[in-house]
Amino acid sequence: MSDRTISAKTRLCGVIGDPIEHTMSPAIHNAAFIQTGLDYVYIPFHVKEKELGKAIDGMRALNVRGLNVTLPHKVTIIPFLDELDSLAEKIGAVNTVTNDEGILKGSNTDASGFLQALLERGIEPKGKKVIVLGAGGASRAISFILAERGAHLVILNRRLERAVELAGRLLTTFSKEVRALKLIAENLTWALEEADILINTTSMGMSPNISETPVPSNLLRSGLTVSDIVYNPIKTRLLREAEEAGAETISGVDMFVWQGALSFERWTGVKAPIKLMRDEVIKELQAHEK
Ligand code: ATR
């Protein structure tokens, strides 16, 4: 953050959430703005649920160029926006708002960022059998984009009814059969036999519960791609055991970096410096892990 001056021309971006103090988004976006020589600055804003409407009015009044949206606002922000892209509309959640000359447009780069993290590694989910663990907000974004891309999904969740509900929405939206199962070892064994890709969207294994894993290690094997959206720790127990079993692994860092990169590109029209953004996230996470 060395030689940057703020002037009347500087454009403002930021992130809104509650809580917000642990966000890594300012670090990656400000580093990217400096590296690309863009006259932008990125600030975290602590916005409580009841202040969300006023915050969005403020975005309009102050001509803020872009906002990332994190918990708990990803769904409740929708009525305050002017337009949604088709993916955000289908998912029913927004993590990126772009102010195009007073028109606030919502998009979901959590979903497109996840897909990009797969594609970057040469993994095309179209036609593949994909196991998704979890049925919360993160699962919803990921499941929608994978279904749209033509993957065959099996969703497993601790509370079966949430998996059934999500599968039902996917069926209504894409007219595609999606299986919903309870997250227990027996179902995992069966589902994993023919799977190509396994994605953990649950919070199992997240710091401080680093000894947790959603999948018994004996079910992991080579030929499987294992992706974990948990990025704290950088290498979860699931990813470590997947690697030991010879599976290909994709860490939660990649999804986080790509969602940020795609937001950056929407706001600036400039290609995001992915490597720098990834280095920045790893630096932040390693500082926290110490
Ligand atoms: P997010 O929006 O980040 O996905 P969420 O809606 O709270 O967060 O969802 C968290 C997911 O992790 C859910 O699928 C949850 O399972 P339930 O729907 O049954 O609650 C899953 N999860 C969290 N802790 C878990 C645990 N110890 N074992 C199994 N699943 C767990």
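This is a predicted model: local features need pLDDT of at least 70, side-chain atom pairs count only at pLDDT 80 or more; totals for chains, interfaces and linings use all residues.
Local features require pLDDT of at least 70 and side-chain atom pairs pLDDT 80 or more, while totals for chains, interfaces and linings use all residues. Residues are numbered from 1 along each chain, and side-chain values use heavy atoms, without hydrogens and water.

**Ligand surroundings**
- A polar side-chain atom of Arg-158 is 2.8 Å from a ligand oxygen atom, a pair within the 3.5 Å limit between N or O atoms for a polar contact.
- In Arg-162, a side-chain N or O atom also lies 2.8 Å from an oxygen atom of the ligand.
- Arg-159 places a backbone N or O atom 2.9 Å from a ligand oxygen atom.
- Of the 640 Å² of accessible area that the ligand has on its own, the protein covers 72% (Shrake-Rupley method, 1.4 Å probe).

**Sheet**
- An open sheet of mixed pairing contains 6 strands in the order S2-S1-S3-S5-S6-S4; strands are DSSP runs of E with at least two residues, and two of them pair if DSSP finds at least two bridges between them.
- Strands S2 (40-46) and S4 (83-84) are the edge strands, each pairing on one side only.
- Strand S1 (residues 11-17) runs parallel to S2 and is joined to S2 by 7 bridges.
- Leu-12 has Val-41 in S2 as its bridge partner.

Notes. A polar contact is a pair of N or O atoms within 3.5 Å; within protein, one must be able to donate a hydrogen and the other to accept it, and residues adjacent in sequence count only if both atoms are side-chain atoms. Helices (H or I, at least four residues) and strands (E, at least two) are DSSP runs, numbered from the N terminus.
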